[in-house]
Amino acid sequence: MSATADHAESLAARLGFQSEQVVQEIGYDDDVDQEFRDAVEKLVTELADEDYDDVADAVLLWFRDEDGDLTDALVDATELVEDGALILLLTPKTGRDGYVEASDISEAAETAGLSLAKGLPVGKEWTSTKLVTPKAAKAKR
């Protein structure tokens with residue numbers, strides 16, 4: 001395995017993907033970072049496509065500015081996973097075609113009821129934002 005493939009696999013794990021997970025991928029196209037995608041696929045149990053009709057453990061969401069409404073995409077993604085699940089939003093880096101403003105991501109995440117966490121750059125063209133669905137209210141002691 002190459003050093004960059006090792007880095008991509010390590011990055012996938014640091015962002016929260018784990019073995020035994022079923023990850024639903026949304027927004028796949030020929031412009032995605034294939035090395036990172038392959039690393040996620042290698043790490044998890046299954047990388048399912050948009051037509052997957054069961055509950056996933058996490059969502060890998062590739063999103064570009066021209067893909068429509070980000071809030072709608074995030075709300076749809078929350079319906080695909082359990083409470084507390086990871087939704088990793090991948091958007092083109094600043095200055096790239098399809099770039100999404102950080103303020104738009106923050107606003108869409110808040111509207112969708114997601115907790116926003118810092119992500120990391122993914123390859124040369126993409127950056128990630130970790131989003132977490134709220135956990136069900138815990139019983140008071």
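In this predicted model, Leu-89 touches Leu-61, Phe-63, Leu-70, Ile-105, Thr-127, Ser-128, Thr-129 and Leu-131, leaving aside residues up to four places away in sequence. Leu-89 also belongs to the largest nonpolar core, which has 20 residues. Within this core, Leu-89 is among the residues that touch the most other members. Several elements build the core. Strand S3 (56–62) and strand S4 (81–92) each supply at least two of its residues. A second core is separate and holds 19 residues, including Leu-43, Leu-47, Leu-60 and Val-122. In soluble globular proteins, nonpolar side chains tend to be buried together.

The loop between helix H1 (3–14) and strand S1 (22–26) contains Gln-21. Gln-21 is buried because its relative accessible area, 11%, falls under the 20% cut-off. Its contacts, not counting residues up to four places away in sequence, are Gly-16, Val-44, Thr-45, Glu-46, Asp-57 and Ala-58. A polar atom of the Gln-21 side chain also lies 2.8 Å from the backbone nitrogen of Gln-18.

Glu-20 lies in the loop between H1 and S1 as well. Here the accessibility is 66%, so Glu-20 counts as exposed. Thus Gln-21 is buried, whereas Glu-20 is exposed. The backbone of Glu-20 also stands out. Most residues other than glycine have a negative phi. Glu-20 is not a glycine, yet its phi is positive, at about 75 degrees.

Notes. Residues numbered from 1 in each chain as written. Predicted model: local features only at pLDDT ≥ 70, side-chain atom pairs only at ≥ 80, totals over all residues. Heavy atoms only, no water. Core = buried A, V, L, I, M, F, W, Y, C linked by side-chain atoms within 4.5 Å. Buried < 20%, exposed > 50% of the residue type's maximum accessible area, 1.4 Å probe, protein only. Helix = DSSP H or I, 4+ residues; strand = E, 2+ residues; numbered from the N terminus. Contact = heavy atoms within 4.5 Å. Polar contact = N/O pair within 3.5 Å; in protein donor to acceptor, adjacent residues only side chain to side chain.
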